[in-house]
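Work through the exercises below with the sequence and structure open. Each task is followed by a solution in steps.

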Amino acid sequence: MTMIEAINDALDVMMARDPMVVVMGEDVGYFGGVFRATAGLQAKYGKTRVFDTPISECGIIGVAVGMGAYGLRPVPEIQFADYIYPGLDQLVSEAARLRYRSAGEFIAPMTVRTPFGGGIFGGQTHSQSPEAMFTHVAGLKTVVPSTPHDAKGLLIASIEDNDPVIFFEPKRLYNGPFNGHYSEPAIPWARHPDSFVPEGHYRVPLGKARIVRAGEAVTVLAYGTMVHVAREVAERLGIDAEVIDLRTLVPLDIETIEASVTKTGRCMVLHEATRTGGFGAELAALVQERCFYALEAPVERVTGFDTPYPHSLEWAYFPGPVRIGEAYARLIAA
Amino acid sequence: MTRVNLPKLSLHVPEPRYRPGDPVDHTHLAIPAAGAQPRPDEVCDAAQTHPLCLDLIRVLGEDDQAHGMWNPGLDAATLIRMLRLMALTRAFDARMVRAQRQGKTSFYMKSTGEEATAVATALALADDDMVFPSYRQQGLFIARGYPLEEMVNQIFSNRADKLKGRQLPIMYSARAQSVFSISGNLATQLPQAVGWAMASAIREDSRIASTFVGEGSSAEGDFHSAMTFAAVYNAPVVFNLVNNQWAISSFSGFAGAERTTFAARAIGYGIAGLRVDGNDPLAVYAAVRWAADRARANAGPTLIEHFTYRGEGHSTSDDPGQYRSAAEGSEWPLGDPIDRLMRHLIALGVWDADRQAAMDAEVDAQVRSAVRAAEANGVLGHGLHHPFRTMFEDVFETLPWHLAEQNEQALHERRVKFPDWSDDADLGNA
């Protein structure tokens, strides 16, 4: 399956299992979503379970909070993560705090799906990676899959989770893995081992990272598109890197991180989002605090630049093979 | 660059009619006679309510009698119950402000003059209709039977506070009474109420949702999205917009009141709208009942503007003498909701001054007793609070590792500050 098919399958599985699951968002109903993630669901489950909404992110998230208070398990879609900001007050002030402020009387068991990340010539408002805005909010869980297998399993786990989850889908990975070599032909998921998706219901647990490639020389902490880029660069350069796909940013799998960095003594944190105040800063701080005496080199932070995501200069912005390769070289040389 | 052949543009910045010390003349307020407003069928086309968005539905007249088609025809026992709940709300407010001045809590907000908007609304809805209040509907909690002692526990943030001292005073949550958790972020409850109502409709339930917002907060974007979603999905929801003329120091003109009524916004969304004398408990009851019946009949949402006056400061942190004329409230032409209902009951021959005095004494005693009971559980800052570990609970359903570590840090700091303290004593406090 492609990642889009895996996400569609996860929604199908959950809607069939749980009548409280409802799917809504801009263009998700009859049309099946601008990326086809909800294709066929309305025809199968009816218009009161899968429906189009007005173009109002604040309304979509706010209504989902109220549905959760009733007892539904809403899965709202925000068409692009770049457009989640009008719904931010409802996410930060309401969904994230509802359980806490009501001492558990009311909860917000919702999963906000939203396509994110660049590498598709999306320009400023179709490329952003705003995960750090959400990892900073107490009460929200943040999930980023990097393969079709994980996308389905993590989405099912997110929908079943009783806490609000922001589910970022790297749209550069929807139809195939992306290794960072944008001038080479794209590879479809069909020729990739991680595209095997079991039928029916299964979970990939939240809070558990995946070691994508075992190695001894350096630890790479990545998620989403950058998982594939980090692995590809290591293999082309012949570096014995241990690439960890975090999968969940909050709660974070700190044990896997500590074990790996303690073993390798070298660590690169990698993300597409802008550098300053990005989630990489949190990762670097945690590694420094918890693995200080094992470190043999400064933690390398490889990220997007501190600029809005540019259109024509996309591949100059993107943390691609050159930036990653030089960071590998500095880590190994240290 | 200004073009010389065109007039200079000018910015209009609204200004209230009266500032501190100004004499007040309320004759500009169009106040129709009680009973003069038509009452369309509950399932009418929304457009039929448009005249009522610009009018003012009134039932209780100057003669203290109930008039017209909106008279809900309530029996004496219900009217006396309504009066008592409003009086209890006012007595509670008075006692809580005193408690705040005595340092037993940090903060309080009264609802003086607006008791009818909460109490009559609660009585007009079914007890299991879900209500999403703002912070000035304490009468709703009281009318729904949420225990006064629990309210005071929350206000004092003591060891019995059901919200574990996490919330600012008055931000109650009462799921058992079908009242939603109050948020400090204004107007967020509006789309949530719509979502709850949509969920009820999706599940083919018979319960409806209702929500409250002040006229000031109706300027928030959430108001617009809530109205749009309610209209699009014909959601079974009743919006109560309490127009008490003031949003802290900003008069209603800063929310758009100089151009039209707040009820008139319903017209643009294609939903039913009613504008009601918010100090007339019978009119409030009738309007909410009409809207609730409409929602229950799948005829759609209603926006009700409750036209009233905020009799006191915004909160215990506010001094209205700094920005408005005291005479504006004392000469408010729609009077006082408790006084008006009392005079109606007397005019009906079912009430008198002695019974009123006895009831006032009873509600005061009821409040005092609740405060005494709550005080035994502690007051703010006097040590009887929830255990430290509870600060980290309920952020998520289960405690993640980073919160477990921070919990240990908080406990460590406490041991440093109070070397004699033991974890067991803290747990016994819970």
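**Exercise 1: a helix pair in chain A**

Describe how helix α1 (residues 3-17) of chain A packs against helix α7 (residues 148-160) of chain A.

Solution. The two axes come within 8 Å and cross at roughly 30°; axes are lines fitted to C-alpha atoms, for helices over the stretch in contact, and angles run from 0 to 180 degrees between N-to-C directions. Helices are DSSP runs (H or I, at least four residues), as are strands (E, at least two), numbered from the N terminus. α1(A) and α7(A) are therefore roughly parallel to each other (angles under 35 degrees count as roughly parallel). Their crossing is right-handed, the near helix being turned clockwise from the far one by less than a right angle. Contact means heavy atoms within 4.5 Å; among the α1(A) residues that meet α7(A) are Ile7(A), Leu11(A) and Met14(A), and the α7(A) side includes Leu155(A), Ile156(A) and Ile159(A). The residues of this contact divide into 12 nonpolar, no polar and four charged (Ala, Val, Leu, Ile, Met, Phe, Trp, Tyr, Cys and Pro count as nonpolar, Asp, Glu, Lys and Arg as charged, the others, Gly among them, as polar).

The model is predicted: local features need pLDDT of at least 70, side-chain atom pairs count only at pLDDT 80 or more, and totals for chains, interfaces and linings use all residues. Residues are numbered from 1 along each chain as its sequence is written, chains are lettered from A and ligands numbered from 1 in the order written, and side-chain values use heavy atoms, without hydrogens and water.

**Exercise 2: a helix pair in chain B**

Describe the packing of helix α6 (residues 189-202) of chain B on helix α7 (residues 221-232) of chain B.

Solution. The axes lie 7 Å apart at an angle of about 20°, and α6(B) and α7(B) are therefore roughly parallel to each other. The crossing of α6(B) and α7(B) is left-handed. Leu190(B), Pro191(B) and Val194(B) of α6(B) meet α7(B) residues including Phe223(B) and Phe229(B).

**Exercise 3: the chain interface**

How many residues does each chain bring to the contact, and how many salt bridges are there between chain A and chain B?

Solution. Chain A gives 47 residues and chain B 46 residues. About 3,800 Å² is buried between them, 62% of it on carbon and sulfur atoms (accessible area, 1.4 Å probe, lost on being put together, summed over both). Two salt bridges link the chains (a side-chain nitrogen of Lys or Arg within 4 Å of a carboxyl oxygen of Asp or Glu). One of them joins Arg290(A) to Glu405(B), with closest N and O atoms 2.5 Å apart.

Methods:
Angles under 35 degrees count as roughly parallel, over 145 as roughly antiparallel, 65 to 115 as roughly perpendicular and the rest as oblique. Buried area is the accessible area (1.4 Å probe) that two parts lose on being put together, summed over both.
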